[in-house]
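Let's walk through a protein model together, one question at a time.

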Amino acid sequence: RFVKEDPGPVEVIERPASVVKELVENALDAGARRIEVEIREGGKEYIRVTDDGCGIPSQEMELAFQRHATSKIRSVQDLSRVRTLGFRGEALPSIASVSELEMRSRPRGQEEGTLLHLEGGRVVARRTAGCPVGTTVIVRRLFYNTPPRYKFLKTHIAERRQVLDWMMRISLAQPTCSFTVITDGREILKTPGDGNLAEAIAALYGRNLAESMLPVQAHWPGGRLHG
């Protein structure tokens with residue numbers, strides 16, 4: 001007899017930067033205007049992403065970690081006009097399956113938040129918790145249960161560089177959101193989130209470079225370019 005093995009989550013988490021990317025994109029899709037990312041030891045031991053988005057209702061917390069579940073597709077037509085940064089619903093279960101994960105979330109209008117703690121994808125604790133509106137996800141000991149994947153990771157400095165590089169790019173792509181990045185207790189990146197791309201550039205690369213750049217705009221039937 002042959003037994004078909006469970007292939008595991010489809011979304012592959014390759015490194016700390018992959019975790020940060022998925023969690024930040026989820027936060028943006030939740031309408032966040034302030035996102036704070038904290039990592040320690042390059043993200044291999046600790047990653048925290050906190051947002052002020054819409055939050056997750058208490059009764060839906062476990063559902064968010066079910067494979068193939070997504071809140072981002074409301075109808076069949078949405079498949080042909082995807083407007084979110086991620087819609088497959090695989091990121092959270094994929095991250096949870098290879099880490100110790102804690103999520104705290106409170107939607108607007110709900111007096112208390114909910115804390116969910118998972119280890120290796122399995123819920124080990126659930127309780128009410130005091131927290132602001134929005135969601136915080138803490139990922140500890142990435143790949144603790146898959147040693148070969150942990151050994152594939154690079155040094156703390158190299159992994160930190162990957163996280164920072166992606167955060168700088170998403171900060172430029174989303175100037176209406178304020179981003180903060182903290183590494184090993186030190187704030188190394190902060191953007192204003194006022195929608196002004198030039199101000200985001202100044203925060204990331206310095207005022208001199210931002211002031212030496214020129215704005216561009218172009219319009220044509222069916223298209224627009226600005227930067």
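Q: What is the mean pLDDT of the protein chain?

A: This is a predicted model, in which local features need pLDDT of at least 70, side-chain atom pairs count only at pLDDT 80 or more, and totals for chains, interfaces and linings use all residues. Residues are numbered from 1 along each chain as its sequence is written, and side-chain values use heavy atoms, with hydrogens and water left out. pLDDT is the predictor's confidence in each residue, from 0 to 100. In this chain 92% of the residues reach 70 or more, and the mean pLDDT is 90.

Q: In what order do the eight strands form the open sheet?

A: Helices (H or I, at least four residues) and strands (E, at least two) are DSSP runs, numbered from the N terminus. Two strands pair if DSSP finds at least two bridges between them. The pairing in this open sheet is mixed, and the order is E5-E4-E3-E6-E2-E1-E7-E8.

Q: Which strands stand at the edges of the sheet?

A: An edge strand here has a single partner strand, so one side of it is left without a neighbour in the sheet. That is the case for strand E5 (122-129) and strand E8 (186-190).

Q: Which residue in E6 is the bridge partner of Glu-100?

A: Strand E3 (residues 100-106) and strand E6 (residues 134-140) pair in the antiparallel sense over seven bridges. In E6, the partner of Glu-100 is Arg-140.

Q: Are H1 and H4 roughly parallel or roughly antiparallel to each other?

A: Axes are lines fitted to C-alpha atoms, for helices over the stretch in contact, and angles run from 0 to 180 degrees between N-to-C directions. Angles under 35 degrees count as roughly parallel, over 145 as roughly antiparallel, 65 to 115 as roughly perpendicular and the rest as oblique. Helix H1 (residues 16-29) and helix H4 (residues 156-173) pack at about 25 degrees, with their axes 8 Å apart. H1 and H4 are therefore roughly parallel.

Q: How do H4 and H5 lie, roughly parallel or roughly antiparallel?

A: H4 and helix H5 (residues 197-205) pack at an angle of about 160 degrees, with axes 9 Å apart. These two helices are therefore roughly antiparallel.

Q: Which residues of H5 make the contact with H4?

A: Contact means heavy atoms within 4.5 Å. On the H4 side, the contact is made by Met-168, Ser-171 and Leu-172. On the H5 side, the residues are Leu-197, Ala-200, Ile-201, Leu-204 and Tyr-205.
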